[in-house]
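These are my notebook entries on one structure. I set down what I looked up, step by step.

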Amino acid sequence: MSGSDGKFEPIDASAMPRFAGLPTFMRLPHVSDPAVVDIALVGVPWDGGTTNRAGARHGPREIRNMSSLMRRVHPVSGISPYELCRIADLGDSSVNPIDLMETLKRVEDFFTEIHTAGAHPLTAGGDHLITLPIMRAIAKDGPVGMVHFDAHTDTNDEYFGGSKFTHGTPFRRAVEEGLLDPKRTIQIGIRGSMYTSDDLAYSYDSGMRVITIEDYFSMGVEAVIAEARRVAGNGPTYVSFDVDGLDPVYAPGTGTPEIGGYSTFEAQQMLRGLKGLNLIGGDVVEVAPPFDPSGNTALVGATMMFEILCVLADAIAARS
Ligand code: MN
Ligand code: MN
């Protein structure tokens, strides 16, 4: 629990085995007051923005379960996030599974409380539309940059004859609403068959840096990291990790799989490469347990959350 310095500790695996106890994120305490944390681990169990294969509403619970495999110290950077920051499980955002627009408001309100308290969110989704209300809460003071891992740009305009809010549209809306700076946004892993030949036009025309999977493999991971750092620069930067950016060999449990992606290890390298950026929060989205019979995609989601947690805690400690 909380020590005299206000920091929270995961349950010691030598005191209580990993399969026992309540499955919070990273086996941390569950707290309700965002004012007592620097980083709020949050679930948004909602997939009402999904246009095809639903199921990501079940993501937070399975990611919590698999996060019990995470240990305390990063194996490469040596970062020990729980020594750097006060980190706990803030529970799940309120959602309404049968009302999209009301859910956007509930999620925004939940994250506004976290932001107002001075904490930084690291979220398990949920489908990718949840990033929009999160940005509405945390980018009120000005647009943020974003390092975006995904097979898809998620900058489409509308679906089904006028629906503007889906998991394929959040980042066009975020730019339109002044929440996201497209010139400080990089999208990594873009691929897959398109609706029309100009599907990527909005990303390019708005100034986002688009790294298609062909670009990714011709550049190599080190050059992609350097480009992400150049694009994000020194400004406040959000990390959004859609597990469908990975090859579905590694993450089959997702709604919109696209073959020919990067590996889990390459994604870990890229996330580690964000150390030193001015990070303000992040999410791991589109883990869909109904398509994940082995549970491996939830393990991937939990591990990527830990990777982001380490660089985020390092960034927050560096600023304080
Ligand atoms: Mn996405
Ligand atoms: Mn995607």
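How many aromatic pairs does the structure hold? I noted 6 aromatic pairs in this predicted model.

**Entry 1: a pair between two strands.** I looked up Phe-149 and Phe-241, whose rings form a tilted pair, 5.4 Å centre to centre with 40 degrees between the planes. Phe-149 belongs to strand β4 and Phe-241 to strand β7, so that the pair links distant parts of the chain, 92 residues apart. I recorded both Phe-149 and Phe-241 as buried.

**Entry 2: a pair of tyrosines.** I then turned to Tyr-216 and Tyr-262, which count as tilted because their ring centres are 5.3 Å apart and their planes stand at 50 degrees. Tyr-216 is in helix α7 and Tyr-262 in the loop between β7 and α9, so this pair ties together parts 46 residues apart in sequence. Tyr-216 has 1% relative accessibility and therefore counts as buried, the limit being under 20%. Tyr-262, at 0%, is buried too.

**Entry 3: other rings.** I found one aromatic cluster formed by Tyr-159, Phe-160 and Tyr-195. I also noted that the charged end of Arg-53 sits over the ring of Phe-291, 4.0 Å from the ring centre.

**Entry 4: the metal site.** Which residues coordinate the manganese ion (ligand 2)? I listed Asp-150, His-152, Asp-242 and Asp-244, at 2.1 to 2.5 Å. Of these, His-152 is in the loop between β4 and α5 and Asp-244 in the loop between β7 and α9, 92 residues apart. Both His-152 and Asp-244 are buried. Asp-150 bridges this ion and the manganese ion (ligand 1), and the two ions lie 3.2 Å apart.

Technical notes
Residues are numbered from 1 along each chain as its sequence is written. Chains are lettered from A and ligands numbered from 1 in the order in which they are written. This is a predicted model: local features need pLDDT of at least 70, side-chain atom pairs count only at pLDDT 80 or more; totals for chains, interfaces and linings use all residues. Side-chain values use heavy atoms; hydrogens and water are left out. Donors are N, O and S atoms within 2.8 Å of the metal (3.2 Å for Na, K and Ca); water is not among the atoms, so sites may look incomplete. Helices (H or I, at least four residues) and strands (E, at least two) are DSSP runs, numbered from the N terminus. Buried means under 20% relative accessible area, exposed over 50%, partly exposed in between (1.4 Å probe, protein chains only). Rings of Phe, Tyr and Trp (its six-membered ring) pair if their centres lie within 6.5 Å; planes under 30 degrees apart count as stacked, over 60 as edge-to-face and the rest as tilted. A charge sits over a ring if NZ of Lys or CZ of Arg is within 6 Å of the ring centre and within 35 degrees of the ring normal.
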